[in-house]
Amino acid sequence: MILGLILGIVIGVVLNALIIWIVGKLNLGLRVSGFGGAIMAAIIIAIVSWIVHWLLALVGITIGGGLIGAIVALIIAAVVLLISDRILSGLEVDGFVGAIIAAIAIAVGHWLIAFLLGALGMALA
């Protein structure tokens, strides 16, 4: 059970790093210093995202659904990228507009991976 959890975390970090690295290579709002930088960015982004969502929940703010929820989630993702840029020297985000573009590109990457895994009969946990 613990081994499965660890393996799931490692696979998640590697997949997220791959998406971040590709987004950086395509110059879609951010740059990373190699795949190692993308791995570090994936870890930092996950931690910062967890903290931001925890703080929002602590004060009773929920994202919700629909178009407004999607816009709020996009803005939160962009802010998470900007905060992560300040923490990690190997990650450069091109301002708020770049963070929005990168957040959209990363979300599309996540959707593609989930779609492909679903087509293969696998699922993301």
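## Buried and exposed residues

A residue is called buried when its relative accessible area is under 20%, exposed when the value is over 50%, and partly exposed in between. The structure described here is a predicted model.

Ala78 has a relative accessibility of 0%, so this residue counts as buried. Ala78 belongs to helix α3. Leaving out residues up to four places away in sequence, Ala78 touches Phe96, Ala99, Ile100 and Ala103.

## How α1 and α2 meet

Two packed helices are described by the angle between their axes and by the distance between those axes. Here, helix α1 covers residues 2-25 and helix α2 covers residues 34-58. Their axes come within 8 Å and cross at roughly 115°. The crossing of α1 past α2 is right-handed.

On the α1 side, the contact is made by Val13, Val14, Asn16, Ala17, Leu18, Ile20 and Trp21. On the α2 side, the residues are Gly34, Phe35, Ala38, Ile39, Ala41, Ala42, Ile43 and Ile45. Sorted by type, the residues of this contact are 13 nonpolar, two polar and no charged.

## Gly98 in helix α4

Gly98 is found in helix α4, which runs over residues 95-119. The relative accessible area of Gly98 is 5%, and since buried means under 20%, this glycine is buried.

Apart from neighbours within four places in sequence, Gly98 is in contact with Leu28, Gly29 and Val93. Ser33 is 65 residues from Gly98 in sequence, and their C-alpha atoms are 17 Å apart in space.

## Asp85 in helix α3

Asp85 sits in helix α3, which spans residues 66-87. This aspartate is buried, yet has no salt bridge. The nearest side chain of opposite charge belongs to Arg86, at 4.9 Å. A salt bridge requires a side-chain nitrogen of Lys or Arg within 4 Å of a carboxyl oxygen of Asp or Glu.

Not counting residues up to four places away in sequence, Asp85 touches Leu91, Glu92 and Val93.

## The salt bridges of Arg31

How many salt bridges does the structure hold? There are two. In one, the side chains of Glu92 and Arg31 meet, with an N to O distance of 3.2 Å.

Through shared partners, the salt bridges join Arg31, Glu92 and Asp94 into one network.

Arg31, at 33% relative accessibility, is partly exposed. Asp94, at 38%, also counts as partly exposed.

Technical notes
Residues are numbered from 1 along each chain as its sequence is written. This is a predicted model: local features need pLDDT of at least 70, side-chain atom pairs count only at pLDDT 80 or more; totals for chains, interfaces and linings use all residues. Side-chain values use heavy atoms; hydrogens and water are left out. Axes are lines fitted to C-alpha atoms, for helices over the stretch in contact, and angles run from 0 to 180 degrees between N-to-C directions. Helices (H or I, at least four residues) and strands (E, at least two) are DSSP runs, numbered from the N terminus. A crossing is left-handed if the near helix is turned anticlockwise from the far one by less than a right angle, and right-handed if clockwise. Contact means heavy atoms within 4.5 Å. Ala, Val, Leu, Ile, Met, Phe, Trp, Tyr, Cys and Pro count as nonpolar, Asp, Glu, Lys and Arg as charged, and the others, Gly among them, as polar. Buried means under 20% relative accessible area, exposed over 50%, partly exposed in between (1.4 Å probe, protein chains only). Lys and Arg count as positive and Asp and Glu as negative; His and the chain ends are not counted.
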